[in-house]
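Have a look at the model first.

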Amino acid sequence: MIDHLVTMKISHWDGVIRELAARALHNLAQQAPEFSATQVFPRLLSMTLSPDLHMRHGSILACAEVAYALYKLAAQENRPVTDHLDEQAVQGLKQIHQQLYDRQLYRGLGGQLMRQAVCVLIEKLSLSKMPFRGDTVIDGW
């Protein structure tokens, strides 16, 4: 089910399907945290800079939802989210906004979708208590 969502639904032409797929990945990440952190999350991060607008939008939403799901699991055990997400994943999340900005993907026809997706990402990363306090990424946001 997780593979189907990542492969087929994250890049669906209908935005509502992409949002629902991201929420489904949130729910499934709580059932398979190790698989989500080691297999799914790197795939999602690599898709955030796809030339396909729908894939970019869906993967950013999915990254936000999976990160938040992993945080909720870690919080139940009084552990930080970095126990589930390695340093490379945290750095990848941190770089999404700047990479989109540098490639001018906030402009043009897809700009509205990218801005909406990054706002969701910022919200979920904030709720996940990512270790970004005092980081320059916050100024970019």
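At what angle do helix 5 and helix 6 pack, and how far apart are their axes? Helix 5 (residues 87-102) meets helix 6 (residues 111-127) at about 155 degrees, with the axes 11 Å apart. Bear in mind that this is a predicted model, where local features need pLDDT of at least 70, side-chain atom pairs count only at pLDDT 80 or more, and totals for chains, interfaces and linings use all residues. Residues are numbered from 1 along each chain as its sequence is written, and side-chain values use heavy atoms, leaving out hydrogens and water.

**Helix 5 and helix 6**
- That angle makes helix 5 roughly antiparallel to helix 6 (angles over 145 degrees count as such).
- Leu93, Ile96, His97 and Leu100 of helix 5 make the contact with Met114, Val118, Leu121 and Leu125 of helix 6 (contact means heavy atoms within 4.5 Å).
- By class, that's seven nonpolar residues, one polar and no charged ones.

**Helix 1**
- Ile2, Leu5 and Val6 are the buried residues of helix 1 (residues 2-9), buried meaning under 20% relative accessible area with a 1.4 Å probe, protein chains only.
- Down the axis of helix 1, the buried residues fall within an arc of 90 degrees, so they line one face of the helix.
- They pack against helix 2 (15-31) and helix 3 (33-47).

**Tyr71**
- Tyr71 sits in helix 4 (residues 53-76) and counts as buried because its relative accessibility is 14%.
- Leaving aside residues up to four places away in sequence, Tyr71 touches Val81, Leu127, Ser128 and Lys129.
- Tyr71 and Leu85 are 14 residues apart in sequence, and 9.0 Å apart in space, C-alpha to C-alpha.

Notes. Helices (H or I, at least four residues) and strands (E, at least two) are DSSP runs, numbered from the N terminus. Buried means under 20% relative accessible area, exposed over 50%, partly exposed in between (1.4 Å probe, protein chains only). Axes are lines fitted to C-alpha atoms, for helices over the stretch in contact, and angles run from 0 to 180 degrees between N-to-C directions. Angles under 35 degrees count as roughly parallel, over 145 as roughly antiparallel, 65 to 115 as roughly perpendicular and the rest as oblique. Ala, Val, Leu, Ile, Met, Phe, Trp, Tyr, Cys and Pro count as nonpolar, Asp, Glu, Lys and Arg as charged, and the others, Gly among them, as polar. The arc is that of the directions from the helix axis to the C-beta atoms.
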